[in-house]
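Here is a briefing on one structure. Start with its core, then follow the helices and side chains.

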Amino acid sequence: WKPHLCEKVKKSHQVWLLVPPGDRQYTFELSSGKDIVTEAASDAGREVLHKKNLEAALWAGAFDNKDEDEGLITNVHSVPPGDWDDVQFVPIPEKKAAVVKAKPKEAWTWQKSLFAPAYEGAYEHPFEKDWELAHCDKLVNDDGSTKALMKANYGEFLSVYKLFCSNNKAIFTLGWNDFTDFTVSADLEVKRKADADMVFFGCCTTGPKNPHLNPKKSLCRFQFLDACMKLAMIKWYRTKEVSTPLEAAQKLVERVAPLVPTREEQDDFHARVWREDVEDSIKHDMDNLRRAFKTHSGREDALSKHKMCSFGEWQDMCESLNFVDPTVGFTERDVNLCFLRATRTPDDELHDEHAPHRKLDWVHWIEALMRVGDRFSESENVDLEPYEACIQLFERVAYEYPSGAEKRRRAKLAAELDRKQKEEKATAAR
């Protein structure tokens, strides 16, 4: 039996007969809907207006247990058959189940996923700012064709810049030794080494003064672009090997592009790991992953509501989780590189003294973990696809940062296991 609100017909309410005639115990619930029923029925010309009238005039003693049966009228009453002239009884209508049309599931796309904020596009605005700060228009002095070429390939220069920056602990700028390694790898060495030295140290001193973001002893992002362009002009344009700055820039792109590992290209990486099943695994362990991020963030954001993971905190986390593993070929340099590649590329890297682009927010922290998982999958000792390695890594991180209830459950299981082992040892000793 389920309660049903009586339908009101003019000034009275319909009452549904729930029991056959005879000695039966039955119940009226006078307030089962939103509105309290004040005219539930009538008997022998006496209208039942509310509970007190019903108790006094109709069935005395029905409310012996008022505290427990609040709102219920219960009594045993002899119901004579057919004596229902003043009360209308109708059968309870069967409610037809509402047919809810299931909406077709929308196809998953990364644009509507939690990965979307990490997408940076073609770096148009960062390039424009770097080109302006480096005064490259003055250097090439052409119709803009050189700028268009460099803009189309700027993502490769950023990737190579981060690749060589990751060789040292000061990972946000490029030191002299790493710049030398870059020129050798890209075959940008010039005949006179003094020219290369002058290019490096000359570019270090350009741009806005900021000892934190522009240390003057290493190259920041726009200075790296400036140095590359000047080396290209010295190596090919000044020596008359090419006749235009555009041709020198083309040779520069040809040297730099092969240095970008195919796996590190943005679109290729996203195609491997930006997947629905990876996002589902993140959502499944969201609380524990959030707990991990909170544990390793905020050290440099004490006065900010928006906590971010600094490079030092990222290193601490990687050390605590034993990410560095020679058996899978994951080194400290990989720790640096995964962090760098996951950081946001700002339009102007010298604009904000607090340098939020040198830290990871929640989404970019997830991006860094996916880069670690993707790097793991390259090892011959890891027989997993990149997305599978990412899912496994999220599970591994989530396990290390359990909730308080989970910690207590694990402690209880450990205590139980320890007790059983002791009992087994005692039994064996007997």
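The largest nonpolar core has 96 residues, and Phe182, Trp314, Phe323 and Trp365 touch the most other members. Such a core is a set of buried Ala, Val, Leu, Ile, Met, Phe, Trp, Tyr and Cys residues joined through side-chain atoms within 4.5 Å. Helix H8 (residues 221–237) gives the most to this core, with 11 residues.

The model is predicted: local features need pLDDT of at least 70, side-chain atom pairs count only at pLDDT 80 or more, and totals for chains, interfaces and linings use all residues. Residues are numbered from 1 along each chain as its sequence is written, and side-chain values use heavy atoms, leaving out hydrogens and water.

**Whole chain**
- The protein chain has 17 helices and 6 strands; these are DSSP runs numbered from the N terminus, with helices H or I of at least four residues and strands E of at least two.
- Of its 430 residues, 40% count as buried. Buried means under 20% relative accessible area, exposed over 50%, partly exposed in between (1.4 Å probe, protein chains only).
- Among contacts (heavy atoms within 4.5 Å) with a separation of 6 or more, 66% join residues 24 or more positions apart.

- Helix H12 spans residues 286–295, and its residues Asn288, Leu289, Ala292 and Phe293 are buried.
- Seen down the axis of H12, these buried residues fall within an arc of 140°, so they line one face. The arc is that of the directions from the helix axis to the C-beta atoms.
- Asp287 and Lys294 are exposed on the face turned away from the buried side.
- The buried residues of H12 pack against H11, H15 (362–376) and H16 (386–399).
- Trp365 touches Leu289, Ala292 and Phe293, and its other contacts include Trp314 and Val397, not counting residues up to four places away in sequence.

**Glu279**
- Glu279 is found in helix H11 (residues 276–284).
- Glu279 counts as buried, at 5% relative accessibility.
- A polar atom of the Glu279 side chain lies 3.0 Å from the backbone nitrogen of Leu114.

**Aromatic rings**
- The whole structure holds 24 aromatic pairs. Rings of Phe, Tyr and Trp (its six-membered ring) pair if their centres lie within 6.5 Å; planes under 30 degrees apart count as stacked, over 60 as edge-to-face and the rest as tilted.
- Phe127 and Trp131 have ring centres 5.4 Å apart and planes at 35°, so the pair is tilted.
- Both Phe127 and Trp131 are buried.

Technical notes:
A polar contact is a pair of N or O atoms within 3.5 Å; within protein, one must be able to donate a hydrogen and the other to accept it, and residues adjacent in sequence count only if both atoms are side-chain atoms.
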